[in-house]
Amino acid sequence: MLTVNAASGFGSGGGGGGNPPSDVEYLCIAGGGGGGNGGGGAGGYRTAAGLAVASGSGLTVTIGGGGAGGVGAATGVAGSDSVFSSITSDGGGFGGPTGGAPGPGGNGGSGGGGGGEGGVNSAGGSATAGQGNNGGSGSSSGTNQVGGGGGGKGGAGASPGNGGNGSASSINGSAVTRAGGGGGGADVRGGTPGNGGTGGATAGVGNATASNATVNTGSGAGGGGYSGSYGTGGAGGSGYVCIRYANTYDAASATTGSPSYADSGGYHIYQWTGSGSITF
């Protein structure tokens with residue numbers, strides 16, 4: 001039975017009887033990287049069933065923030081880690097800078113895209129094994145200057161241009177694609193901005209401030225471009241944590257951080273968009 005909380009659309013999930021779960025299925029996504037000239041990399045994406053959980057004490061939930069965008073020709077800022085219990089997902093790598101000193105994208109859950117200008121094609125950042133994919137390198141030839149795409153959970157960033165695709169999960173009962181990489185910014189005199197990967201990542205822009213990635217998707221932001229002056233990279237999307245387990249077990253005895261809760265499809269489902277905890 002699903003009890004509905006009028007404010008959130010989910011029940012409170014209060015439990016605490018004598019039948020707690022011994023393991024849960026989880027999805028833990030870190031914050032996405034901010035764009036420089038290269039697109040930001042997606043936050044680390046970890047999901048599995050059968051994670052053992054203890055009862056009687058609170059299990060930590062940390063939602064990583066998205067990294068800020070680089071101002072002007074600067075690098076972006078890496079995303080922050082997300083945590084559920086013993087699981088840590090690494091923040092997404094920052095997008096590399098452009099201008100007088102183009103540079104590589106940052107390492108992270110998925111790597112950020114490299115910057116490109118002045119004949120320098122900077123490399124994309126590296127991904128954490130099992131959490132994402134590498135960023136693409138930037139490209140520079142005359143005025144055809146394009147940052148590399150940030151890596152996503154579903155694929156690597158292009159060299160240069162588009163961000164890597166995200167990955168879909170139905171852990172909350174609906175298929176949602178998250179953790180896409182940001183597209184690289186371009187010089188509007190000759191380059192074409194890259195598109196963000198599927199899953200909420202933003203496209204790179206040619207001459208102005210890039211849009212931010214969608215919150216609570218862990219997606220990387222688009223990179224800023226150039227048109228007489230350097231644009232500003234967008235901010236990465238914040239992270240997300242969801243767990244579920246069979247409703248033949250008791251609901252949690254306590255939660256913090258105001259997670260949404262549903263008893264649906266044979267599962268207790270808890271989703272966090274802000275940091276908190278859960279006790280079984």
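Let me start inside. By class, the lining of the largest cavity has four nonpolar, six polar and one charged residues. Here Ala, Val, Leu, Ile, Met, Phe, Trp, Tyr, Cys and Pro count as nonpolar, Asp, Glu, Lys and Arg as charged, and the others, Gly among them, as polar.

A word on the source. This is a predicted model: local features need pLDDT of at least 70, side-chain atom pairs count only at pLDDT 80 or more, and totals for chains, interfaces and linings use all residues. Residues are numbered from 1 along each chain as its sequence is written, and side-chain values use heavy atoms, with hydrogens and water left out.

Back to the cavity. A cavity is a set of points, on a 1 Å grid over the protein atoms alone, where a 1.4 Å probe fits but cannot get out; lining residues have an atom within 4 Å of a point. Which residues line the largest cavity? They are Asn37, Thr98, Gly116, Gln145, Val146, Gly185, Ala186, Asp187, Gly225, Tyr226 and Tyr230. Its volume is about 40 Å³. Volume means the space filled by probe spheres set on the points, with grid points joined across faces, edges and corners. The count comes to one cavity of 30 Å³ or more.

Now the sheets. Strands are DSSP runs (E, at least two residues), numbered from the N terminus. Two of them pair if DSSP finds at least two bridges between them.

Angles run from 0 to 180 degrees between N-to-C directions, and axes are lines fitted to C-alpha atoms. β14 and β15 (residues 267–272) pair over five bridges, in the antiparallel sense. Ala262 has Ile269 in β15 as its bridge partner.

Another open sheet of five strands runs β5-β4-β3-β16-β13, again with antiparallel pairing. β5 (87–89) and β13 (254–256) stand at the edges with a single partner strand each, so one side of each has no neighbour in the sheet. Here the twist averages 20 degrees from one strand to the next. β4 (residues 82–84) and β5 pair in the antiparallel sense over three bridges. Ser82 has Ser89 in β5 as its bridge partner.

Last, confidence. pLDDT is the predictor's confidence in each residue, from 0 to 100. The protein averages 89, and 90% of the residues score at least 70. Over residues 1–12, pLDDT stays under 50.

How values were computed. Helix = DSSP H or I, 4+ residues; strand = E, 2+ residues; numbered from the N terminus. 1 Å grid on protein atoms, 1.4 Å probe; cavity = no way out; pocket = protein on both sides within 12 Å on 5 of 7 lines; lining within 4 Å. Contact = heavy atoms within 4.5 Å.
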